[in-house]
Amino acid sequence: MRKIKIGVLGCGQIAQIMHLPYLSASDEFSIYALCDVSVELMRAVGFEYGVPEERQYADFNQMLSNSDIEAVLICSKEHFTPVIAAAKAHKHIFVEKPFGFSLAQAEEMVRTADENHVKLMVGYMKVYDSGFEFVKRKIQEMNNISLVRVHDFGGSFAYTRDVFDIKKGNDVDPAFFDKGKAENNQMMLDGIGEENKEFLPAYSLLLGVSSHDLVLLRHAFGNDAEVLFTSVHNGSFVSSVIRFGDVECIFESGLVMKRAIWDENFSVYSDDVNLRIDFPWPYLKNAPSVVHVSENYGESSMPCETKISTSFSEAYRNEIHHFYDCIINDKEPITSGRDAVNDLKLMRDIIAAARR
Ligand SMILES: NC(=O)c1ccc[n+]([C@@H]2O[C@H](COP(=O)([O-])OP(=O)(O)OC[C@H]3O[C@@H](n4cnc5c(N)ncnc54)[C@H](O)[C@@H]3O)[C@@H](O)[C@H]2O)c1
């Protein structure tokens, strides 16, 4: 099996918890190079994964000039600039969400990847969750879906450090990250327009945790989405009504930062079946998403309830395998950049429908 030499930009939390361990364990990739503005952090991570110092870069463009690198994984906070640079350097790209801060950025990333004939895949791991794959198939069999309800109240991630040993560097001036945050906010504002400034925290939420649910909705019900109503309350709790063709969806998302909770589920109600999938805290490796199915028992109208854990396979691992398959077998990723453009459209429409 040919191993693909991959360079990883951003050695922070998601890289350390998920991507680096799965890349390192796989026969498909070798972690060939690292890039992080924190050299201290990069040295520690490089030591752990056996990446020599000459292939550790503080500057992403320098990493891209290494012609041995075939693919990059982008886990920094701002993704547009590195995606464009990587595509122009002819590297295949796996980019964490969000897929840019605006529709214009998303479209430009797709265009540049196409022009340079590279794969562009977005890290929407829940699409590769076996529980969701089961739900998607089950939805195809359901008649007269009367309602879909998506509820995603994420909690604080502060407790991540109680669960994982996460390396940190202290060698970067905090002003660097403050400047980055301000620039990212400006790009988000460009995405929704100055007139929607009050909804910036809500848009940021949509680009963050909620993006995982919007992509699931589209993959279950298609891209023909019309936002009928949005209410933004307490700054960044979003409730929307979205119509996907004939199917109406109530979408609720928010962050409950004072609590170590994760409350994310996706329910579908129809004439003959009710279905719900409960997603666990995403960093709980191999914890299965649990699907609840309630169907009529035989010919009667009595409900029969089944609780199904479809697999212990980890969605973050599955997506890495898929990226490899797409590169080696020249396939379009299921969560391609082209597909993700639709999420940016949907987020823009959710904000545009927000009540004042
Ligand atoms: N798919 C998921 O479930 C999931 C979960 C968590 C985070 N994410 C996404 O992954 C990305 C990273 O999140 P995180 O929690 O790991 O953040 P983090 O802050 O822990 O890590 C980001 C790393 O990037 C480095 N960095 C930032 N700008 C850089 C630059 N210009 N050049 C080189 N290095 C740079 C930082 O020093 C830091 O080490 C975010 O965009 C986030 O949305 C996705």
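View 1. H90 is partly exposed, with 13 other C-beta atoms within 10 Å. For this class, a residue is buried if 20 or more other C-beta atoms lie within 10 Å of its own, exposed if 12 or fewer, and partly exposed in between, with C-beta atoms placed from the backbone. This is a predicted model, in which local features need pLDDT of at least 70 and side-chain atom pairs count only at pLDDT 80 or more, while totals for chains, interfaces and linings use all residues. To find your way, count residues from 1 along each chain as its sequence is written. Helices (H or I, at least four residues) and strands (E, at least two) are DSSP runs, numbered from the N terminus. Most residues other than glycine have a negative phi, and most peptide bonds are trans.

**View 2. A cis peptide bond at P98.** K97 and P98 are joined by a cis peptide bond, with omega about 0°. P98 belongs to the loop between β5 and α5.

**View 3. The six-stranded open sheet.** Look for the strand order β3-β2-β1-β4-β5-β6, with parallel pairing. Two strands pair if DSSP finds at least two bridges between them. β3 (56–57) and β6 (120–122) each have a single partner strand and stand at the edges, so one side of each is left without a neighbour in the sheet. Strands β4 (residues 71–74) and β5 (residues 92–95) run parallel and are joined by four bridges; I74 has V95 in β5 as its bridge partner.

**View 4. The shell around the ligand.** There are 21 residues around the ligand, and G10, G12, Q13, I14 and E96 come nearest. A residue is near a molecule or strand if its C-beta atom, placed from the backbone, lies within 6 Å of it. Helix α1 (residues 13–25) gives the most to this shell, three residues. By class, the shell has eleven nonpolar, six polar and four charged residues. Here Ala, Val, Leu, Ile, Met, Phe, Trp, Tyr, Cys and Pro count as nonpolar, Asp, Glu, Lys and Arg as charged, and the others, Gly among them, as polar.

**View 5. Where domain 1 meets domain 2.** The chain is assigned domain 1 (4–124 + 318–335) and domain 2 (126–313 + 342–352), with bounds that come from an automatic or database domain assignment. Taken over C-alpha atoms, the domain centres are 24 Å apart. Domain 1 brings 26 residues to the contact and domain 2 brings 30 residues; two residues are in contact if their C-beta atoms, placed from the backbone, lie within 7 Å. On the side of domain 1 that touches domain 2, the elements giving two or more residues are α1, α2 (39–49), α5 (103–115) and α11 (315–328). The largest share of that side, five residues, is from α2.

**View 6. The largest nonpolar core.** This core has 98 residues, and those with the most contacts inside it are I6, V8, V72, I93, Y203 and M347. Both domain 1 and domain 2 give residues to this core, so it lies between them. A nonpolar core is a set of buried Ala, Val, Leu, Ile, Met, Phe, Trp, Tyr and Cys residues joined through C-beta atoms within 7 Å. Leaving aside neighbours within four places in sequence, M347 is in contact with Y203, L206, L207 and L214.

**View 7. D152 in strand β7.** D152 has its place in β7 (residues 145–155) and is buried, with 24 other C-beta atoms within 10 Å. Beyond its neighbours within four places in sequence, D152 is in contact with V209, S210, D213, S253 and E264. Strand β7 runs antiparallel to β11 (residues 262–270), joined by nine bridges. G154 has W262 in β11 as its bridge partner.

**View 8. The β13 and β14 hairpin.** Six residues lie between the two strands, and G298 in the turn has a positive phi of about 55°. β13 (residues 290–296) and β14 pair in the antiparallel sense over seven bridges, with H292 opposite K307 in β14.
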